[in-house]
Amino acid sequence: MSLHTPRPWDAVAEGYAETTLQITQAFARAALDWVAPSQDAHILDLATGPGTLSKLALAKVAQITAVDFSPEMLRICRAQLAGTTVEILEADGQDLGIHQRFDAAFSMFGLIFFPDRDAALRSLRASLRPGGVACISSWLPPQRSTGMIQAMGAFSAALPDWTPGELERPDWDHPEIIAQAMERAGFHDLQIEERLISVDVDAESAWRGLAQGFAPLALARQTMDPRLWAEAEQRGQAWMAEHCEPTQSYAALFAKGRA
Ligand SMILES: C[S@@+](CC[C@H](N)C(=O)[O-])C[C@H]1O[C@@H](n2cnc3c(N)ncnc32)[C@H](O)[C@@H]1O
């Protein structure tokens, strides 16, 4: 499954806003605190999804530009940010074509999915004013997050014929890999940190979150024969009922660098 096109993100958008958002929102809050843009700053939220970081930044900065390439994500983003002055752009984030406009730029679990991350980082750096700060988040290996281990377990139980190779996963899970890429793009003063958050769940909501907000399952739900999906769902639910841990952790890498 390729996450390089808007289609799987469109498919997952509604469920993502209802479920996954609770996890990524906690990371977005931490990223805003880490970068601490000034009140008069203009910031970029690249691969904003349903407007996760932009919404939290509203009270903190003067101006926000949110970019994504998924029309469905942006439909929700527009609804979330209705009545605000956030500029919302539908664009491929690998080549923004914006020069020296932002004081800080964030890409939370976004740029890591782009096929040409080097180009995206160069474009991100070009969009920053000299001295501006970019902050990128990525996932640590799934074994570091109990939530991801559970997601993979439930996924395999629901759709046992899918091989892990079909599940595209960003490989930016090591500080060195990200540091080298940011250096290649010309960023300096790099800092990389691990961040961990925990969320409380029950088996039912954990499965619902996956079926709606986890792209491979959300796509399967929308495209499979309904009878086959019902069987898959039963297997996933049964797995979750047996294995769900009430507190799930998610481990991420945060990287920041100066343009
Ligand atoms: C995991 S979501 C993250 C959303 C949000 N930043 C958050 O933290 O909740 C990844 C987002 O990246 C967007 N995306 C993926 N590839 C993209 C590209 N080439 N250009 C723009 N957006 C892209 C997807 O549409 C999706 O909204």
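Take helix H1 and check its length: at 1.5 Å a residue, its 13 residues should span 18 Å, and its end C-alpha atoms sit 19 Å apart, which agrees. The expected span here is 1.5 Å times one less than the number of residues in the helix. Helices (H or I, at least four residues) and strands (E, at least two) are DSSP runs, numbered from the N terminus.

Before going further, a word on the model. It is predicted, so local features need pLDDT of at least 70 and side-chain atom pairs count only at pLDDT 80 or more, while totals for chains, interfaces and linings use all residues. Residue numbers start from 1 along each chain as its sequence is written.

**Helix H1**

Back to H1, which bends by about 50° at valine 12. The bend is the angle between axes fitted to the seven residues ending at a residue and the seven starting there. A residue is called buried if 20 or more other C-beta atoms lie within 10 Å of its own, exposed if 12 or fewer, and partly exposed in between, with C-beta atoms placed from the backbone.

**Around the ligand**

The ligand is surrounded by 20 residues, and the closest are Thr24, Ala47, Gly49, Ser70 and Gly93. To be near it, a residue needs its C-beta atom, placed from the backbone, within 6 Å. Both H1 (6–18) and H2 (21–35) supply at least two residues of this shell. By type, the shell divides into ten nonpolar, eight polar and two charged residues. In that count, Ala, Val, Leu, Ile, Met, Phe, Trp, Tyr, Cys and Pro are nonpolar, Asp, Glu, Lys and Arg are charged, and the others, Gly among them, are polar.

In soluble globular proteins, nonpolar side chains tend to be buried together. Here the largest nonpolar core has 75 residues, and those with the most contacts inside it are Ala31, Ile43, Ala105, Phe106 and Ala134. H2 gives the largest share of this core, seven residues. A core of this kind is a set of buried Ala, Val, Leu, Ile, Met, Phe, Trp, Tyr and Cys residues joined through C-beta atoms within 7 Å. Look at phenylalanine 106: leaving aside neighbours within four places in sequence, it is in contact with Ala31, Ile43, Leu44, Asp45, Leu46, Leu53 and Cys135.

**Two positive phi angles**

Phenylalanine 109 has a positive phi of about 50° although it is not a glycine. Phenylalanine 109 is in the loop between strand E4 (102–108) and helix H5 (117–127). Is phenylalanine 109 buried or exposed? Phenylalanine 109 is buried, because 20 other C-beta atoms lie within 10 Å.

Aspartate 189 also isn't a glycine, and has a positive phi of about 50°. Aspartate 189 is placed in strand E6 (residues 188–200), and it counts as exposed because it has 10 C-beta neighbours inside 10 Å.

**Some C-alpha distances**

Here are a few pairs to look up in the model.

| Pair | Apart in sequence | C-alpha to C-alpha |
|---|---|---|
| Alanine 181 and glutamate 14 | 167 residues | 32 Å |
| Threonine 223 and alanine 179 | 44 residues | 39 Å |
| Glutamate 176 and isoleucine 192 | 16 residues | 9.1 Å |
| Aspartate 33 and lysine 60 | 27 residues | 10.0 Å |

Alanine 181 lies in helix H7 (residues 175–184) and is partly exposed, with 18 other C-beta atoms within 10 Å. Setting aside neighbours within four places in sequence, alanine 181 is in contact with Arg117, Asp118 and Leu121. Glutamate 176 has its place in H7, and with 8 C-beta neighbours inside 10 Å it counts as exposed. Threonine 223 is found in H9, and counts as exposed with 9 C-beta neighbours inside 10 Å. Aspartate 33 is in H2, and its 10 C-beta neighbours inside 10 Å make it exposed.

Definitions and conventions
Two residues are in contact if their C-beta atoms, placed from the backbone, lie within 7 Å.
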